[in-house]
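Here's a quick briefing on the model shown below. Have it open while you read.

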Amino acid sequence: MKDLVISAKTIKKELLIWLLCFLAAFGMNVYSIIKFDNTSFIELITQLHIVVILSFVFFALLYLLRLIFRLAAYPFTRKGSKQ
């Protein structure tokens, strides 16, 4: 069985992307609290599990988008051409 090796650079890049997704989801939560006046800022803590789940959804959607772009660009890359 072949071992799967993930480089440290790839792990750092994916963690950074997830962190940006988390910040986007957290920002959406802050915006919704400000937008709807009858909510309190304690919901930043009480709804944190929803924010984490939403960040994973953002990460998955972004991963699909990156995969589509990578597959679309594959024939035009130097390694992908068969010459």
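Predicted model: local features only at pLDDT ≥ 70, side-chain atom pairs only at ≥ 80, totals over all residues.

Residues are numbered from 1 along each chain as its sequence is written, and side-chain values use heavy atoms, with hydrogens and water left out.

**The largest pocket**
- Its volume is about 160 Å³, taken as the space filled by probe spheres set on the grid points, which are joined across faces, edges and corners.
- The elements giving two or more residues to the lining of the largest pocket are α1 (8-35) and α3; helices here (H or I, at least four residues) and strands (E, at least two) are DSSP runs, numbered from the N terminus.
- The largest share of that lining, four residues, comes from α3.
- By class, the lining has two nonpolar, one polar and four charged residues, where Ala, Val, Leu, Ile, Met, Phe, Trp, Tyr, Cys and Pro count as nonpolar, Asp, Glu, Lys and Arg as charged, and the others, Gly among them, as polar.

**Helix α1**
- α1 has 28 residues and reaches 40 Å from its first C-alpha to its last, close to the 40 Å expected at 1.5 Å a residue; the expected span is 1.5 Å times one less than the number of residues.
- Its buried residues (under 20% relative accessible area; exposed is over 50%, partly exposed in between, with a 1.4 Å probe and protein chains only) are Glu14, Ile17, Cys21, Phe22, Ala25, Asn29 and Ile33.
- The buried residues of α1 pack against α2 (43-46) and α3.
- Asn29 counts as buried because its relative accessibility is 11%.
- Leaving aside neighbours within four places in sequence, Asn29 is in contact (heavy atoms within 4.5 Å) with Glu43, Leu44, Gln47 and Val51.

**Ser55 in α3**
- Ser55 is found in helix α3 (residues 48-73), and its relative accessible area of 0% makes Ser55 buried.
- Not counting residues up to four places away in sequence, Ser55 touches Trp18, Cys21, Phe22 and Ala25.
- Ser55 and Trp18 are 37 residues apart along the chain, with 7.0 Å between their C-alpha atoms.

**Two exposed isoleucines**
- Ile45 sits in helix α2 and is exposed, with a relative accessible area of 63%.
- From Ile45 to Thr77 it's 32 residues in sequence and 45 Å in space, C-alpha to C-alpha.
- Ile6 belongs to the segment before α1 and is exposed at 52% relative accessible area.
- Ile6 and Thr77 are 71 residues apart in sequence and 22 Å apart in space, C-alpha to C-alpha.

**What the record says**
- The unreviewed UniProt entry annotates residues 15-34 and 46-69 as "transmembrane region"; positions follow the numbering used here, feature names are shortened, and annotations may be inferred rather than shown by experiment.
- In the model, residues 15-34 are 100% helix and 0% strand, with the end C-alpha atoms 28 Å apart.
- Residues 46-69 are 96% helix and 0% strand, and their end C-alpha atoms lie 37 Å apart.

Terms used:
1 Å grid on protein atoms, 1.4 Å probe; cavity = no way out; pocket = protein on both sides within 12 Å on 5 of 7 lines; lining within 4 Å.
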